[in-house]
Amino acid sequence: MKLVKTLILLVLILVGGLYFGGMALSSKFHVSRTVQIEASPDKVYALVASPRQWKQWSVWNQRDPMMAIEYSGPESGPGAVWAWKSKSEGDGKMTFTTAEPPKRMGYELYFPDFGTTSSGEFRFESTSPSACSVTWSMDGDMGSNPLFRWIALFSDKMVGADFEAGLARLKALAEKS
């Protein structure tokens with residue numbers, strides 16, 4: 001009986017620690033990665049500004065080739081939308097919100113499983129006539145759920161690795177031709 005009481009007490013302490021620890025964490029997160037690409041900003045921008053181009057370089061599409069994707073709105077730029085359903089990558093919707101070709105492209109990202117919206121952008125900075133620096137960043141707020149706040153705490157490591165892999169694929173694709 002003493003063992004059962006001890007186990008129950010430990011479980012309550014663990015749950016309380018996760019809950020109150022999560023409430024003490026920030027709900028906000030920021031992820032940013034940069035890569036140098038030996039291609040003009042115009043060329044790289046075209047691969048990012050159209051949702052249909054993401055399938056060529058996005059790591060999420062590569063991990064789930066069976067991902068169901070729907071496109072709507074214009075072909076590229078503000079108002080262009082792609083939504084996906086995936087067993088392994090989750091469901092989501094990305095809406096392109098701003099475009100300053102070939103310098104900047106902004107988006108909003110909605111994940112219905114979490115009920116959260118994040119905002120992100122790509123910045124393209126010319127470093128020579130035939131090269132550019134590309135920075136992919138995203139900011140979000142996981143809200144008041146203490147468990148989601150733990151996700152926010154580790155988002156840079158989790159999502160950052162995906163940004164790095166996506167930027168590496170974008171670089172390879174842009175430099176290929």
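Where in the chain is Met1 found? Met1 sits in the segment before α1 (2-24). Everything shown here comes from a predicted model, in which local features need pLDDT of at least 70, side-chain atom pairs count only at pLDDT 80 or more, and totals for chains, interfaces and linings use all residues. Residues are numbered from 1 along each chain as its sequence is written, and side-chain values use heavy atoms, with hydrogens and water left out.

View A. Met1, Val4, Ile8 and Leu12 make a nonpolar surface patch of about 450 Å². Patch members have over 30% relative accessible area and no salt bridge, and nonpolar side chains (Val, Leu, Ile, Met, Phe, Trp, Tyr) are joined within 5 Å. Areas come from the Shrake-Rupley method with a 1.4 Å probe. Met1 counts as exposed because its relative accessibility is 75% (buried is under 20%, exposed over 50%, partly exposed in between).

**View B. The largest pocket.** Here you can look into about 530 Å³ of space. A pocket is an open set of points on a 1 Å grid, with protein on both sides within 12 Å along at least five of seven lines, and lining residues have an atom within 4 Å of a point. Of the 26 lining residues, Trp60, Glu89, Phe111, Phe114 and Val159 lie nearest the centre. Helix α6 gives the most to the lining, with five residues. Helices (H or I, at least four residues) and strands (E, at least two) are DSSP runs. By class, the lining has 17 nonpolar, four polar and five charged residues.

**View C. Arg33 and its two partners.** A salt bridge is a side-chain nitrogen of Lys or Arg within 4 Å of a carboxyl oxygen of Asp or Glu. Asp156 and Arg33 form one, with their closest N and O atoms 3.0 Å apart. Asp156 lies in helix α6 and Arg33 in strand β1 (residues 28-37), so this pair ties together parts 123 residues apart in sequence. Arg33 also meets Glu164 in a salt bridge (2.7 Å, N to O). Arg33 is buried, at 16% relative accessible area, while Glu164 is partly exposed, at 45%.

**View D. A salt-bridge network.** Arg104 and Glu121 meet through their side chains in a salt bridge (2.5 Å, N to O). Arg104 is in strand β5 and Glu121 in strand β6, so the pair ties together parts 17 residues apart in sequence. Salt bridges that share partners join Glu100, Arg104, Glu121 and Arg123 into one network.

Conventions
Patches are made of residues with over 30% relative accessible area and no salt bridge: like charges are joined within 9 Å, nonpolar side chains (Val, Leu, Ile, Met, Phe, Trp, Tyr) within 5 Å. Buried means under 20% relative accessible area, exposed over 50%, partly exposed in between (1.4 Å probe, protein chains only). On a 1 Å grid over the protein atoms alone, a cavity is a set of points where a 1.4 Å probe fits but cannot get out, and a pocket is an open set with protein on both sides within 12 Å along at least five of seven lines; lining residues have an atom within 4 Å of a point. Grid points are joined across faces, edges and corners, and a volume is the space filled by probe spheres set on the points. Ala, Val, Leu, Ile, Met, Phe, Trp, Tyr, Cys and Pro count as nonpolar, Asp, Glu, Lys and Arg as charged, and the others, Gly among them, as polar.
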